[in-house]
Amino acid sequence: MIRTTIVRTLRSSFLARTNRCVVHHTQHPGRILARCCSSQDGKYLLHEQDGLYDHMTRGIIDEIEFDVEDICKNADSVAQRVRDRKGEMQEDEVYKLVDLWQERCRVKGQVDELQEQRQALANQGKDLKGQQNSAEFKDLQVKGRQLRKEFNEASRSETELNSQLYNILLRLPNSCHPSVPVGDESQARLVETVGEKPAFKFVPRGHLELGERLDILQLRHLANVSGHRSYYLKGAGAQLQHALVQFTQDRLYKQGFTPLVVPDFFYPAILEGCGMMKSRAFDTQIYTLDSTKHESLCLAGTAEVGIAGMFKDHVLRADQLPQKAFAVSTCYRAETWSGTEPHGIYRVHHFTKKDLYSELGLCFRIIDMPTQELGLPAHRKYDVEAWMPGRDSFGEVSSASNCTDYQSKRLHIRYETEQEELKYAHTVNATACAVPRLIILILENFQQEDGSVVVPEALQPYMAGRKVLTVQDGLPMKYTGRERRVFKQHKKKFSKYR
């Protein structure tokens with residue numbers, strides 16, 4: 001995946017890869033800061049070990065600031081934002097947040113008042129030094145015990161209220177750009193269509209049939225090797241993947257992007273900071289290590305996590321902006337199959353991601369995605385859908401999201417202005433090339449009647465000058481295993497996808 005970050009200025013082009021800072025990092029009476037406390041709830045992810053809330057309460061990261069007063073003043077518009085999004089959070093939780101905030105302010109005032117009384121009592125005790133047996137000193141001791149009891153009870157209430165507040169605050173979706181369509185996927189707005197669909201004088205084949213005929217793609221006979229939704233690229237197929245990666249990298253170098261190699265494992269707090277985890281459980285598309293045997297780590301589903309993690313807890317100077325970076329990584333996702341997707345490599349558990357479709361001669365369109373397709377972090381998102389003859393439809397191959405300061409607030413990515421003010425960055429993330437889907441596009445759009453595939457001219461220099469993929473380019477093997485017996489009872493179910 002190629003992800004990019006630019007701070008300070010946002011470009012208007014749909015694939016602008018920028019992070020920009022706009023929010024002041026100053027204390028404000030309406031902002032809630034995490035206290036060093038823990039929750040006995042354990043119900044939501046943010047209370048789980050190594051989640052954002054856990055890292056805050058353990059002092060691993062600084063407090064996350066939320067302008068709660070502003071949220072409360074605009075509760076109706078925030079509730080509308082939640083209603084427009086597609087997610088677990090319900091709009092009534094926004095009004096619950098208002099009630100919690102008011103109660104928290106009351107309790108915090110009580111805690112501060114009790115602390116002042118305790119301090120005053122301590123000062124009186126100092127004045128009576130050497131008079132520990134006096135009635136006045138003993139009276140102060142009784143009052144001190146009572147104040148300590150009241151203070152501890154109020155502090156526990158404040159801790160629990162903070163826990164409940166953060167449970168809601170960390171799950172609030174980002175704001176939406178005013179021009180974002182409202183609704184589900186059917187409300188997506190077409191921005192532009194580029195290129196023309198290929199015209200075939202024969203019935204086009206799907207990528208799976210083409211890949212198997214060329215013997216460069218293997219999905220069958222892997223149930224006992226790596227399970228469902230895994231695949232092998234062989235010979236020219238593997239060469240095609242490397243060519244796509246190198247092709248994309250070369251063009252990003254020319255645009256001033258810095259290459260990165262990022263880790264595959266991250267703490268849940270980093271993924272949560274990027275808005276990529278559901279709040280109530282780990283039963284998402286994310287693979288996690290067994291916490292009873294290993295650290296609480298997750299496999300990254302996108303290079304975006306690695307790039308954001310590198311900038312976490314860092315401050316940049318204004319004259320260092322914009323910062324642009326990209327990374328190529330294997331992306332691990334627990335994609336599930338409902339039977340609606342064709343058999344093939346369109347939806348798989350692991351893939352390499354990186355974007356340039358015009359140069360490859362592909363037909364694609366740009367879609368302004370509606371509110372229910374934005375997820376938690378995106379302020380606005382554009383998808384790229386390319387024509388796939390084997391599916392006889394457009395299929396998503398890329399997306400670009402402007403996340404404003406949603407991620408930078410949670411991960412403390414900031415910059416310092418010339419006036420020495422600290423402001424939060426804006427992050428904009430885009431996929432440059434999702435390799436398996438680009439392979440689908442090349443196989444299906446450039447296929448010939450005899451089953452061969454013409455290599456796009458722009459890729460030929462990266463394919464050692466190879467211009468056509470033919471059956472001789474594969475790695476032919478004969479299968480002798482027993483896998484088909486295992487799936488004999490499922491033969492009917494899968495037959496229409498083969």
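Start with helices H6 (residues 207-214) and H11 (residues 435-445). Their axes come within 9 Å and cross at roughly 80°. H6 is therefore roughly perpendicular to H11, a label for angles from 65 to 115 degrees, with under 35 counting as roughly parallel, over 145 as roughly antiparallel and the rest as oblique. The axes are lines fitted to C-alpha atoms over the stretch in contact, and angles run from 0 to 180 degrees between N-to-C directions. Show side chains here. His207, Leu210, Gly211 and Leu214 of H6 meet Ile440, Leu443 and Glu444 of H11; contact means heavy atoms within 4.5 Å.

A note on the model before moving on. It is predicted: local features need pLDDT of at least 70, side-chain atom pairs need pLDDT 80 or more, and totals for chains, interfaces and linings use all residues. Residues are numbered from 1 along each chain as its sequence is written, and side-chain values use heavy atoms, with hydrogens and water left out.

Zoom out to the whole chain. It holds 13 helices and 21 strands. These are DSSP runs numbered from the N terminus: helices (H or I) of at least four residues, strands (E) of at least two. Of its 498 residues, 51% count as buried. Buried means under 20% relative accessible area, exposed over 50%, and partly exposed in between, with a 1.4 Å probe and protein chains only. The accessible surface comes to about 24700 Å², and 47% of that belongs to carbon and sulfur atoms. Areas follow the Shrake-Rupley method with a 1.4 Å probe.

Next, select Lys96 in helix H4 (residues 92-127). Lys96 counts as partly exposed, at 45% relative accessibility. Leaving out residues up to four places away in sequence, Lys96 touches Gln164 and Ile168. Lys96 and Ile168 are 72 residues apart along the chain, yet their C-alpha atoms are separated by 8.8 Å.

Go to helix H9 (residues 303-311). This helix is mostly covered, with 7 of its 9 residues buried. The buried ones are Ala303, Glu304, Val305, Gly306, Ile307, Ala308 and Phe311. Look at the N-terminal end. Thr302 caps H9 there, with a side-chain oxygen 3.1 Å from the backbone nitrogen of Glu304. After the helix comes Asp313, whose phi is positive, near 65°.

Most residues other than glycine have a negative phi, and most peptide bonds are trans. Select Leu321 and Pro322: a cis peptide bond joins them, with omega about 0°. Pro322 sits in the loop between strand E10 (314-317) and strand E11 (325-327).

Two further stops have positive phi without being glycine. His412 has a phi of about 55°. Find His412 in the loop between helix H10 (406-411) and strand E17 (413-416). Ala464 also has a phi of about 55°, in the loop between strand E20 (453-454) and strand E21 (468-469). Which way does each fall, buried or exposed? His412 is buried, at 0% relative accessible area. Ala464 is exposed, at 74%.

Finish with the annotated positions. An unreviewed UniProt entry lists, under "binding site", Arg333, Ala334, Glu335, Val348, His349, His350, Phe351, Glu396, Val397, Ser398 and Ser399. Such annotations may be inferred rather than shown by experiment. Center on Arg333, in the loop between strand E12 (329-332) and strand E13 (350-353).

Conventions
Polar contact = N/O pair within 3.5 Å; in protein donor to acceptor, adjacent residues only side chain to side chain.
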